[in-house]
Amino acid sequence: MAKRTEEIGLFEAYDKDPLKADLDIFGRVTDENRRGFLHKSGLMAMMAIVGSNIPFANNMPGGLIPAALANTTEPFKVVGKDGLIYLNDKPINAEAPLHLLDDEFTPANKFFIRNNGTPPAPESIDTQTWTLEISGESCENPTKFTIDELKSKFKHHTYALTLECGGNGRAEFNPPAKGNQWGQGAVACGRWTGVRLKDVLKSCGIKKDAVYIGYYGADVHLSGDPTKVVISRGCTIEKALEDEALIAWSYEGEDIPYQNGFPLRLVVGGWPASVSGKWLRQIVIRNKEHDGEKMTGQSYRVPCSPVAAGSKVPNENMCVIESMPVKSIVTYPVSGIEHSLDNKLSLRGKAWAGDFAVKSMEVSIDFGATWHKAKINKPVNRLAWQTWHADVKFPQKGYYEVWAKATDSNGISQPVILPGWNPRGYLNNACHRIAVQVV
Ligand SMILES: Nc1nc2c(c(=O)[nH]1)N[C@H]1C(S)=C(S)[C@@H](COP(=O)(O)O)O[C@H]1N2
Ligand SMILES: [Mo]
């Protein structure tokens, strides 16, 4: 009986603890839970998932996948991320169909997921004891902060920041590039709350020779080898010291979603989202370009000067991606709709331009022969995407494509078809096109 009481107690704790509640949401049908019950604490989650007490739980071998889950025919998905398109489940990679990005600020459930490894086990995340270490050879006074210390020592700031995976749009390159075959939905923009990275770095002393920062997160290499780093990228010290670079604990007024880096994340808008380290444990201030995992070789790099499609490019001719290129999407209507000839069609979308602003937006209904100005709104803050809208009238019935094209504050526009091919298929900012049947 004692055991039973203890279990009930734990179930109660499970209900109240937001993190464990997250586990429940996260847990119902994900692959992680099908195979992830390595710890005793996972037992509670497992009982919640199979929906009852497990009388012989003590006999279960560690790591056993309950047959109730292992034999499921349900398609893989992460609960709480319902509308996303899953590209991969080991690691989890999922993107938003573009019509789901119609909100001004992307709700958490529509925020894409790009994992390079396995997120830290939910039961290993304790927001009270989680620490962020600031160190590195160009840090004067290496310091560890708890989340509460970050919250109490530094001023809080909220910025809407656009995060786009460097490989967004990769699927269109030809010859194809290895890696997740992203459509266009590995992008999101919403309001992150935290403290300025610069306030925290300055409090620890930035040496004169500092040129770069790098991050380390708590996720685990797919091999399971704890000595292997999943990903450790970074940015120039200038970018890190911008007002909008945050160490964030909140997204859209809530805890950061587990898959997006709970409980703490670096958020650096405008550069490839790979700079925005999830499950953030450490930031190093470097006296040279950071050389962590996926900073070197061909990762997140493009040829320093254009190459012919299919070329092999030696590492020394590859340059680190910094600001993302100008880009836009149509978020309303969904591609493939039928529309009546009698009515105007009201189009809506988003546009962004890395470190810059979008200056103008145009749409075409005749495969780019003529372009019509759309109304582009100002961003709520620097590095946030901009909303746009346009009304179009079709001259006769038939098949049309609506093409959308943004131009940034430097006068640079999106290419209509494909930008320069590169070995890993980064930075595809070709115009988004939707199909419309006018009837
Ligand atoms: N710790 C950690 N941080 C990470 C990653 C990761 O795998 N581990 N992926 C990076 C990449 S490549 C991208 S595109 C973004 C994706 O953020 P999201 O999963 O919240 O959409 O996180 C970046 N930060
Ligand atoms: Mo990415």
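I began with the shell around ligand 1 and sorted its residues by class: 9 are nonpolar, 6 polar and 4 charged. For this I counted Ala, Val, Leu, Ile, Met, Phe, Trp, Tyr, Cys and Pro as nonpolar, Asp, Glu, Lys and Arg as charged, and the others, Gly among them, as polar. The model is predicted, so I noted that local features need pLDDT of at least 70 and side-chain atom pairs pLDDT 80 or more, whereas totals for chains, interfaces and linings use all residues. Residues are numbered from 1 along each chain as its sequence is written, chains are lettered from A and ligands numbered from 1 in the order written, and side-chain values use heavy atoms, without hydrogens and water.

I then listed the surroundings of ligand 1 (a heavy atom within 4 Å). There are 19 such residues, and Phe-112, Asn-116, Asp-219, Arg-265 and Lys-278 are the closest.

Next I looked up polar contacts of the ligand (a pair of N or O atoms within 3.5 Å). A polar backbone atom of Phe-112 lies 2.6 Å from an oxygen atom of ligand 1. A nitrogen atom of the ligand is 2.6 Å from a polar side-chain atom of Asp-219. For Lys-278, I found a side-chain N or O atom 2.5 Å from an oxygen atom of ligand 1. On its own, ligand 1 has 530 Å² of accessible area (Shrake-Rupley, 1.4 Å probe), and the protein covers 100% of that area.

I turned to salt bridges (a side-chain nitrogen of Lys or Arg within 4 Å of a carboxyl oxygen of Asp or Glu). The count is 16. One of them joins Glu-252 and Arg-191, with N to O at 2.8 Å. Glu-252 belongs to the loop between strands S10 (246–251) and S11 (254–255), and Arg-191 to strand S7 (187–196), 61 residues apart. Strands here are DSSP runs of E, at least two residues, numbered from the N terminus.

Finally I checked the backbone. Most residues other than glycine have a negative phi, and most peptide bonds are trans. The bond from Asn-174 to Pro-175 is cis, with omega near 0°; Pro-175 is in the loop between strand S6 (156–164) and S7. The bond from Tyr-332 to Pro-333 is also cis, and Pro-333 is in the loop between S16 (327–332) and S17 (337–339). Phe-367 has a positive phi, near 60°.

Conventions. A polar contact is a pair of N or O atoms within 3.5 Å; within protein, one must be able to donate a hydrogen and the other to accept it, and residues adjacent in sequence count only if both atoms are side-chain atoms. Helices (H or I, at least four residues) and strands (E, at least two) are DSSP runs, numbered from the N terminus.
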